[in-house]
Every structure is written in C-alpha cells, then in structure tokens.
Amino acid sequence: MEKNDDKDPDHNDKSIIEEKADVVSDAHPPDESDGISKENVDVGNAETEHNPEDNVESEGEETHQQTLESLSEELDQLLSSLSLHKEEHKDDNTEEKEKGDQEDDDYFQIPQFVGKFLDLLEDKLSRYDSGEPKTVWYQDQEEVSSLLEAVDRVSNLMRLLLNTKSCLDHHEPLINHAGSIQQRAMAFLEDEFRILLEESVIKETALAMDDASSQRKSTEDAVVSQDQDQVTAPEPGDQEIEYPGYSEDVVALLRKIAEKMKAGGYGWECREVYLVGRRNILMRTLKHDCEFEKVSIDEVQKMSWGELEREIPIWTKTFKNCSSLFFPGELKLAEKIFPGDEGSLFCIVAHGLTIQFLGFAEAVAMTKRSTEKLFKILDIYETLRDSFPPMEELFWEELRSELRNEVTSARSRLGESAINIFSDLENSIKSDSSKTPVPGGAVHPLTRYTMNYLKYSCEYKDTLEQVFKSHSKMEQEEEVPANNSACSAFASQLMRIMDLLDGNMEAKSKLYKDIPLSCIFMMNNGRYIVQKIKGSAEIHEVMGDTWCRRRSSELRNYHKSYQRETWGKLLGFLGHEGLMHNGKIVKPNLKERFKSFNATFDEIHKTQTTWVINDEQLQSELRVSITAVMIPAYRAFMARFGQYLDPGRQTEKYVKYQPEDIEDLIDELFEGNTSSSSTATAKRRT
C-alpha cells in the first residue's frame, strides 16, 4: 500500500488554527449567521476562545501532558457535535432551498487539539515501525484498544471532512494531514494483518497438527476477545485449536482489523491480503499434511505409472481432507473475519484448487490403459463420488453447476476407462496362447494373476456395479447372457472372465503328455480358484454357492481320473490273477509281479515327487486317498504271497518295500523336489 507523504513535516496545530482564523475572518464574519451554533463553537473550539497571551506560560506544560487517550475524548465530543450540527444544518438548508436560498453556510472551525491528536497517532505508528526490537503491539492489551480506536476516529474524521463541502474549501491542509495519517495507519494495519494471518497459524498449526483431532493449547499472544474491543489474555490451555489453526482470540483481532480497514475505505486491500495469505497457507498445509503439490495435466500425461501410482493416493487423501476439513475450515474462518462476505472469499481461495483437483482426475483417466491402473482409477472415482457432494455445498450456487459438470465429466472418463480395462483383462485371457506347460503341473501364472485381480476388483464390487451400470455402452450390455438377466453387468462380466479362464486352463492342460500330470494341473488351478473365491466374501457373493459347488465337483472328477490313471495300474500288480495254477503258487510269476510292482512304484515316486501341489490341504487329501487305496492292498498282498518267497536273498531281492515304506514314500509326493529320485532306496526299511 502506498502511503501519502504530501503533508508538511513542520505542520503544527497552532498554524492550522491561525490559518483557519484568517479564513474565517475573511470569508465569514463572526456573527449570528455563522453555520454553527454558539454551543457547538464552545464545545469544538474551546482552545481558541482563550487569550493567546494567557496561554504562553502554560502552553508547553499543557502540550506535554496531552496524550492520545486524553485527546480521544475531546475528539469524540467534537465528532459527535459536528455530526449533529451537520444533520441540523442539512435540515436548515433543505428549508432554505425550498425558499430559493442556495447559499452554502455549513462552515465550522477545527480545534487545535485535532492536529495534536493526529501528530500523537503518527508518533505511535513511528514507534511501532522503528522499535528495536520491533514492537509487537497486539501483545499489549491497552495498545490494541488504543490503536484500533484511534484509527477508527481518524476514519470518522476523514469521512466527516470529505463529506462537508466547506471543509474541502477551507481545510485542505488538515484533510491532507489526516489522510496521510490514515493511509499510514491502514498500511500498518495491513502489514500487521498479514503477520497475524501468517505467523499465528504457522506457530499454532505446528502444535495442533501433531494431534490428529486437535488439542487444547496455550498461546503467548494477548489478543482482542470477541466482545467488541475488550482485550483479554487467554489462559493457558483455555482454547481449542482446530484447522485452520488460529485461536478464537487471534480470529477476533483479525476481524477487528478487517472492520477498521473497511470502515476507513481500505476493505479491498484487507481482502487481498487475506486471499493471498490464505491461499499460500492452505497450499503449505496441504504439502505438509498430505504431501500434495500441484501438477498440471501435461505433467500427469508425461508421468510413468510408478510416479502416477505414488501421486494418486496423495491426491485422494488431499481431496478427502479438503472436503471434510480444510475447505469447511476456510469457509468458517472467512465467515468469522469477514461476516457477510465469507462466500466470495472462500470461493476465491478454494475454486481454483478444486478445478485443479478435477483436472488431475480427468488427466489420469486419459492416460494409456493398463490392467494395473484399475484400482487407482476406482479410488479416484470413489473419492469424487463420496467426497464431492459435501464439498460442493460450500460453494455459491453459480459455481456448483460448473463444478458438477467438471465432476460428471471426470467420473464419466474414469468409468469408461475402468470398463475398458476390464475388457482388456478379458482380451488378455483370450490371447494367452503360450505353449510351454508349467513345470510340475503347478498353478499357472495367468490363474494367479487373474484371480488376484478379480479378488481385488470385488473389493470395489459396489463401485464397479455402479460403473458398469452408469458408464457401460449399449453393446456391452447386450452381451449379458439371457440366463444371467438377473445379474448385474459387473457380475456377468466377472462370470465371462471365469469361463474364459476355465477354457484357457483346460487347453493348457492338454500340453502335458502325462494324463495324471494334466489332472494335477487342473486340480491345482481349480483348487486355487475355489480357495480364492471362498476367501473373499465379495467375489463369493458375486459367483455364488452354486458355482462353487459345481467347481468342487469338477475337482473331484479330476481327482478320480488321477487315481485311476496312476495308482490303478499299480493296484493291478497286486491282484491274484496268474499267480496260481492248479492251486499252487507259480513262483516265477510271483517274482515277476514283485519286480514289476517295485519298478512301477519307483517310477511313480521318482516322477511325482517332482510334481507340485502348493495347497497343503489338497496335497494332504491326495496323499491320504493314495495311502487309503495302496497300503491295505499291498499289506494284503504281502500277507498272502510273501511267505512263498524263500527267506534271505530271495526275499530281499523281490520284496523291496514293507507297507510302512510305501506309506512314507507316498508322503514325499508332490513336493516339487527334483533331487528325490534316489530317496526311495534310501528310505527302505529292513
């Protein structure tokens, strides 16, 4: 703010009075026609009524004793009487003008103490500006009241002088002097308003933000209370600090300064300081609390996914906090400091930032699609859906429409992007035609990826259902199978993906030349899918119990096929056929039967210990079922035919395993252990 320095530095009140006296004598003879009553002259010009010679000795002592406070009462009386005179004179002029008399006769003299009051106020402001260390005036209760009241009196004086034509004609030096003091006072208040606005919130917010909910704290600053101009020093711990981090007393002082500046015609300057200060403070707060910094749409478009993946959680946190905490706090603060004007101030502070938020959301939706972006896109979509409605209520109605349009556009782009990403997942399953079987029949990476993706997707089930309902294209909706007409568009999409995955895994199972391994592969992948669905309430709700029961039945069929293809052959060696002739044991056939059993079992053990079943329950179920079939049959075969082998070398040569050995070796199956091919012999029991 520029300050007016046009006043004569050697100006004094005495010269003013003398000058005015000359003007009076030349322009208006002191008779009954003067434009001020005798009573008002007595009140307003008491000092000029005395003989100057009578005051020569006492003038210095009287001036020395005068203070800003002692002159304030006299100035208040003068302003009151002059205001009353002006109203009366206005009525008189109205009557005279009705009679055709247009003479301007509202002249009045200004007492000497007015200039002295201005000089004392200027001295006070000079002390504030040049004090070492710099005077912090609002720490002194009396200083706060004295200064704000003095500024108010100068503003009232200027308003009276500038609105009186004769004052403009006869009191120009005094008007210039008062105007210069007022401008200097307003510049000082503007600077102090800025300091209070910025430094108070920095100190108090630093303490308040350490506690998530806000805490009670003491303040070292003595400030004006909300009760008019009464000043109170807050007791330690008697104020609850919330965002934006000012105590109630600091807010009250800021409001008082704003009121005085507005009354003096400097309301615009005060608003500008507030707007610049609050915008800067809000951005610092968002950076400190949320790690938020503005990024342009072009910058978003150029970011790698890794960078964008870090930015999106910051954006969502910041948007939610602005909706629930920062923006409501800004509106309440503006309401307390500028009552009646809070709406426009808040909108100026918050509108640009809100538009930037929405631009970021739309820019993310326009980035290149990839399946890993789905969940972050849905986070943004949910944030706009849930946090924008309470935020928009804070803005003026004309801005709400603009912001709603921006949000609608951003949500539409985000929704379409989410649907397209789901379509991309479907296409990726269709196009996965790799011809390399997974070693050991383990769970295929495509199964793991797809099921985990769907599991996390179903955590957004309600949102995805809303997205598919609100943003899916007509041709996509037409693809919903007739038998799924009761399902949501998202549920139908999910089932299509599951059917595609089933078909893909069945095709990949045929890559295994070993049928039992093909069965293990299908059991592994089927079991993984079922467990993922059962482990997620959201996806289980979409797929339903019927689907899970059907899938479990398919797993049992694969289990039976595996048992038949692997252990059915081995059980064939334990049958009685071909071992007896005419009621006698055919030893060569018996020996060959033992040799074939041992060789086949060794091969199964060698091969299937390298196969993989990661699901411990499935692994245990298979081993138990194999043991339940093999051990009783082998034990019975040994009991029936083992006695026909000669003890010693012959038994040792043909009876390689005891039933307990077989049981132990079965427990080694499906561990994916490529070094276990020689363990069968090592574990043989003697």
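**Close-up 1. Helix α7 passes helix α10 in a left-handed crossing.** A crossing counts as left-handed if the near helix is turned anticlockwise from the far one by less than a right angle, and as right-handed if clockwise. Helix α7 covers residues 141-162 and helix α10 covers residues 248-263. Their axes come within 9 Å and cross at roughly 20°. Axes are lines fitted to C-alpha atoms, for helices over the stretch in contact, and angles run from 0 to 180 degrees between N-to-C directions. The two helices are therefore roughly parallel to each other. Angles under 35 degrees count as roughly parallel, over 145 as roughly antiparallel, 65 to 115 as roughly perpendicular and the rest as oblique. V144, L148, D152, S155 and R159 of α7 meet L253, K256, I257, K260 and A263 of α10. Contact means heavy atoms within 4.5 Å.

The model is predicted: local features need pLDDT of at least 70, side-chain atom pairs count only at pLDDT 80 or more, and totals for chains, interfaces and linings use all residues. Residues are numbered from 1 along each chain as its sequence is written, and side-chain values use heavy atoms, with hydrogens and water left out.

**Close-up 2. Helices α11 and α13 pack at an angle of about 150°.** Helix α11 spans residues 267-290, helix α13 residues 305-337, and their axes lie 11 Å apart. That makes α11 roughly antiparallel to α13. The crossing is right-handed. On the α11 side, the contact residues include Y274, R278 and L282. Among their partners in α13 are I314, F326 and F327.

**Close-up 3. Helices α16 and α18 pack at about 105°.** Helix α16 runs over residues 397-431 and helix α18 over residues 461-471, with axes 9 Å apart. They are therefore roughly perpendicular to each other. Residues R411, S412, G415, E416, A418, I419 and F422 of α16 make the contact with L464, Q466, V467, F468 and H471 of α18.

**Close-up 4. Helix α24 has a kink of about 25°.** The kink is centred on T627. The bend at a residue is the angle between axes fitted to the seven residues ending there and the seven starting there. Helix α24 (residues 616-641) has 26 residues and reaches 36 Å from its first C-alpha to its last, close to the 38 Å expected at 1.5 Å a residue. The expected span is 1.5 Å times one less than the number of residues. Helices are DSSP runs (H or I, at least four residues), numbered from the N terminus.

**Close-up 5. Helix α15 has a kink of about 30° at D386.** The kink lies shortly before the proline P389.
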